[in-house]
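Thanks for coming, everyone. Please have a look at the structure on the screen, and then I'll take you through a few parts of it.

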Amino acid sequence: MPQAFTPVASVPVDPRTARVHEEGWQSWSPSGSYALDDAPYRPTNANWATVCYRPGRTAPPAGFQGEGLLALDPGDGSPVRLWAASDPAAPVPSVRLAVHDGRADISADGPVTESSYSGPDGVQGALAAWADALATPAPRPAPTVWCSWYEYFTAVTEDDIHENLRAMDTLDLPVDVVQIDDGYQSALGDWLTLSGRFRSRAALADAIRARGRRAGIWTAPFLVAPHSELAGRHPDWLVRDPSGAPLHAGHNWNHDLYTLDVTHPEARAYLTDVFGTLRAEGYDYFKTDFLYAGALDGVRHSGADALTAYRAGIALIREAIGPDAYLLGCGAPILPSIGLFDAMRVSPDTAPHRRPEADDYSQPGQDAAEFTGAGRRWQHRRLWINDPDCLMARPAVETRERWAAHVEATDGLMASSDRLLSLDAWGVATTRRLLSSGHAPASGGAA
């Protein structure tokens with residue numbers, strides 16, 4: 001549980017030129033650098049505060065708050081200062097900065113370490129130096145990917161996958177992985193039961209591999225829909241709130257969300273079976289999404305705290321899929337995920353439009369994805385391969401040229417998410433060029 005905030009430093013600043021970096025809690029939480037008179041991005045409703053920010057850690061109305069990590073360039077030529085969680089795998093403190101009379105006063109609600117940095121690239125350089133000091137094993141290169149989500153969303157069909165699989169050959173696109181996204185399963189939690197739009201997961205994986213590509217699949221392993229067979233048959237597998245009711249993990253897909261208790265032995269066995277089955281069917285690229293749910297505070301079978309349970313759940317998935325499978329995290333708490341993934345989404349979702357709903361920078365939109373994606377460029381090749389989210393190059397996408405330039409500049413995971421036959425000449429050429437720049441099939445051990 002959060003502790004009281006206690007002072008940790010007071011630093012003189014030039015209010016005109018100083019910059020402060022807030023590190024958000026999870027993939028979709030706004031993260032980046034601000035001037036001292038900027039208003040940082042904050043949740044605009046209670047549901048997004050749960051699903052996209054850090055529940056229970058409301059930022060003050062004035063000032064800045066980083067989750068486990070905050071950096072300050074004082075703007076007066078003195079070194080960049082950085083305050084970070086003493087142990088990223090342990091409970092993560094919030095770090096606050098408030099400006100009074102030309103000084104930045106830093107406080108935290110848990111143990112932090114302080115460092116200074118005088119090298120190049122300012123705040124980004126200081127963050128990169130902090131990441132380098134963690135000595136995390138170098139991540140494997142990411143494969144190139146085609147993903148069904150941003151064209152078909154939850155209405156995707158097996159025939160859509162086959163059509164795009166053929167189009168990759170017709171258009172000569174260097175796609176390593178064909179990833180089936182949300183929509184193949186009957187409900188969140190019922191991962192091995194197909195929706196009516198799919199006939200056979202195993203046969204589809206075989207068809208993908210027969211064309212010389214790898215099969216990938218999406219899950220949200222810690223989420224459970226109230227109407228799912230899992231929730232109906234095994235209510236004891238759910239994380240509880242203090243009253244004993246299923247813990248509310250937010251609202252999405254037009255229904256409430258529950259959380260799987262990965263400390264329950266039978267729930268652990270089920271999750272192991274899900275990922276072991278998918279791996280045996282030929283899937284070896286796994287996008288695991290909405291992972292914030294596994295790190296929500298609640299009552300668990302073993303009594304474990306949320307972050308211990310979260311890391312144990314990811315370790316279980318890795319063991320089930322094996323060291324050679326590629327593991328991508330999304331919607332995941334950043335610091336507690338260090339050392340667990342090959343690649344990580346480092347921004348909110350993109351979208352065919354620029355502005356996020358209600359100007360909430362945790363929500364889908366190119367502006368939001370670019371802001372946080374750029375703010376987290378220091379993580380790339382240090383903690384994991386950065387995933388900036390998918391390229392969309394079809395004519396209907398607003399400012400597609402600018403979005404493509406952002407994806408290319410990240411030098412991270414390259415994924416296309418268009419109906420490939422809908423691309424015009426510019427879209428085909430851009431998709432081919434970006435995929436070619438990232439074409440390096442993954443191999444070797446886990447990150």
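**Pockets, a sheet and a cavity**

With four residues, α1 gives the most to the lining of the second largest pocket. Before I go on: this is a predicted model, where local features need pLDDT of at least 70, side-chain atom pairs count only at pLDDT 80 or more, and totals for chains, interfaces and linings use all residues. Residues are numbered from 1 along each chain as its sequence is written, and side-chain values use heavy atoms, with hydrogens and water left out.

Some terms. Helices (H or I, at least four residues) and strands (E, at least two) are DSSP runs, numbered from the N terminus. We work on a 1 Å grid over the protein atoms alone. A cavity is a set of points where a 1.4 Å probe fits but cannot get out. A pocket is an open set with protein on both sides within 12 Å along at least five of seven lines. Lining residues have an atom within 4 Å of a point. Points are joined across faces, edges and corners, and a volume is the space filled by probe spheres set on them.

Back to that pocket. Its volume is about 570 Å³. It has 31 lining residues, and Trp149, Asn252, Phe290, Asp349 and Pro364 are the closest to its centre. Two or more lining residues come from each of α1 (46–52), α3 (149–152) and β16 (251–252).

Next, the sheet. It is open, has eight strands, and runs β22-β21-β20-β19-β14-β11-β10-β23 with parallel pairing. Strands pair if DSSP finds at least two bridges between them. β22 (385–387) and β23 (415–416) are at the edges with a single partner strand each, so one side of each has no neighbour in the sheet. Inside the order, four bridges join β11 (177–180) to β14 (214–219). There, Gln179 stands opposite Gly216.

Gln179 also lines the largest cavity, along with others including Val145, Tyr285 and Asp387. That cavity holds about 70 Å³. β10 (145–147) and β19 (283–288) each supply at least two of its lining residues.

Last stop: Asn164, in helix α4 (158–170). Is Asn164 buried or exposed? Buried, at a relative accessible area of 0%. The cut-offs are under 20% for buried, over 50% for exposed, and partly exposed in between, with a 1.4 Å probe and protein chains only. Its side chain reaches the backbone nitrogen of Leu420 at 2.9 Å.

Methods
Polar contact = N/O pair within 3.5 Å; in protein donor to acceptor, adjacent residues only side chain to side chain.
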